[in-house]
Amino acid sequence: MGNLHVLDHPLIQHKLSLLRNKNTPVKEFRELVGEISALMCYEATRNLPMKEIEVETPVAVAKAKVLAGKKLAIVPILRAGVGMVDAMVDLIPSAKIGHIGLFRDPETHEPVKYYCKMPNDVAERNVFIVDPMLATGGSAIAAISFVKEYGVKNITLMDIIAAPEGVEAVRKAHPDVDIFVASVDEKLNEHAYIVPGLGDAGDRIFGTK
Ligand code: PRP
Ligand code: URA
């Protein structure tokens, strides 16, 4: 079973409280999504493999460490996942970016796919699928399945807020995928929105409501 990591770092939790507030304006909301994504990325990449190299400093030769192993790809689920990408690429400039377009059917809450474009060499990369919200889990499960169809072996899911129902559904459908979240909230409401959550992440990032 994939591990669930709830990132309780004080900076993440403080910024998450600001993000939840319904009075937080669009500009600040967008900035907070970026800041939280960077902090979560820092934690979620903690166990990346490293190798030792030698570097000549102005003083002597130092034994130093650099990232080793597979390169990364970041795959946001459109739309809201896009709000997490820039901050992550700032930390990992060699990462390539794939996009998966999914929206939830308002009646059935099932994900509907409308776009998919992956880097050519995605099968050789470790993939981070990112989306601020994991509600029923339908979108994340579909996104992970699409990425697996490209032959990707190592997938990590990163969401800011999750519902317990979504976590359980993803772990059941894709037990090999590790999940990083800043919070597992109480429940879903009758519209499959996360309670207490933060409302509609896409609308709040892009100011569409
Ligand atoms: C939201 C969110 C996730 C999805 C989560 O996207 O960004 O992608 O819902 O819900 P689920 O776990 O029940 O699938 P939405 O479908 O509202 O699309 P948007 O990002 O374009 O607003
Ligand atoms: N998508 C959102 O943006 N928010 C929720 O609470 C659930 C799905």
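Predicted model: local features only at pLDDT ≥ 70, side-chain atom pairs only at ≥ 80, totals over all residues.

Me: How much space lies in the largest pocket?

Reply: Rolling a probe the size of a water molecule over the atoms shows where empty space is left. A pocket is found on a 1 Å grid over the protein atoms alone, as an open set of points where a 1.4 Å probe fits, with protein on both sides within 12 Å along at least five of seven lines; lining residues have an atom within 4 Å of a point. Grid points are joined across faces, edges and corners, and a volume is the space filled by probe spheres set on the points. Here the largest pocket holds about 660 Å³ of space.

Me: Which residues line the largest pocket nearest its centre?

Reply: Its lining has 29 residues, and Phe103, Arg104, Ser139, Tyr193 and Asp200 lie nearest the centre. To describe a lining by class, Ala, Val, Leu, Ile, Met, Phe, Trp, Tyr, Cys and Pro count as nonpolar, Asp, Glu, Lys and Arg as charged, and the others, Gly among them, as polar. On that scheme the lining of the largest pocket divides into 15 nonpolar, eight polar and six charged residues. Elements are DSSP runs numbered from the N terminus, with helices (H or I) of at least four residues and strands (E) of at least two. E4, E6, E9, H4 and helix H6 (201-206) each supply at least two residues of this lining.

Me: What lines the second largest pocket?

Reply: That pocket contains about 360 Å³ of space. Of its 19 lining residues, Ala44, Asn154, Thr156, Asp178 and Phe180 lie nearest the centre. Helix H2 (26-44), strand E8 (126-130), strand E10 (155-158) and strand E12 (178-181) are the elements that give two or more residues to the lining. By class, there are seven nonpolar, seven polar and five charged residues.

Me: Which residues come nearest to ligand 1?

Reply: A residue is near a molecule if one of its heavy atoms lies within 4 Å of it. Ligand 1 has 15 residues around it, and Arg104, Asp131, Thr136, Gly137 and Ser139 come nearest. This shell divides into seven nonpolar, four polar and four charged residues. Strand E4 (72-78), strand E6 (99-104), strand E9 (133-134) and helix H4 (138-149) each contribute at least two residues to the shell. The space taken by ligand 1 is the largest pocket.

Me: How should I read the polar contacts of ligand 1?

Reply: A polar contact is a pair of N or O atoms within 3.5 Å. Oxygen atoms of ligand 1 lie 2.4 Å from a polar side-chain atom of Asp131, 2.5 Å from a polar side-chain atom of Thr136 and 3.2 Å from a backbone N or O atom of Ala80. Taken alone, ligand 1 exposes 500 Å², of which the protein buries 90%; such accessible areas come from the Shrake-Rupley method with a 1.4 Å probe.

Me: Where does ligand 2 sit?

Reply: A molecule sits in a pocket if more than half of its atoms lie within 2 Å of its grid points. Ligand 2 sits in the largest pocket. The residues around ligand 2 include Arg104, Met133, Tyr193 and Asp200, and its shell divides into six nonpolar, one polar and two charged residues. Polar backbone atoms of Ile194 and Ala201 are each 2.8 Å from an oxygen atom of ligand 2, and a backbone N or O atom of Gly199 lies 2.8 Å from a nitrogen atom of ligand 2. Of the 240 Å² that ligand 2 exposes when taken alone, the protein buries 89%.

Me: Which peptide bonds are cis?

Reply: One cis peptide bond joins Leu78 and Arg79, with omega about -5°, and Arg79 is in the loop between E4 and helix H3 (82-91). Another runs from Val195 to Pro196, with omega near 0°.

Technical notes. Residues numbered from 1 in each chain as written. Chains lettered and ligands numbered in written order. Heavy atoms only, no water. Polar contact = N/O pair within 3.5 Å; in protein donor to acceptor, adjacent residues only side chain to side chain.
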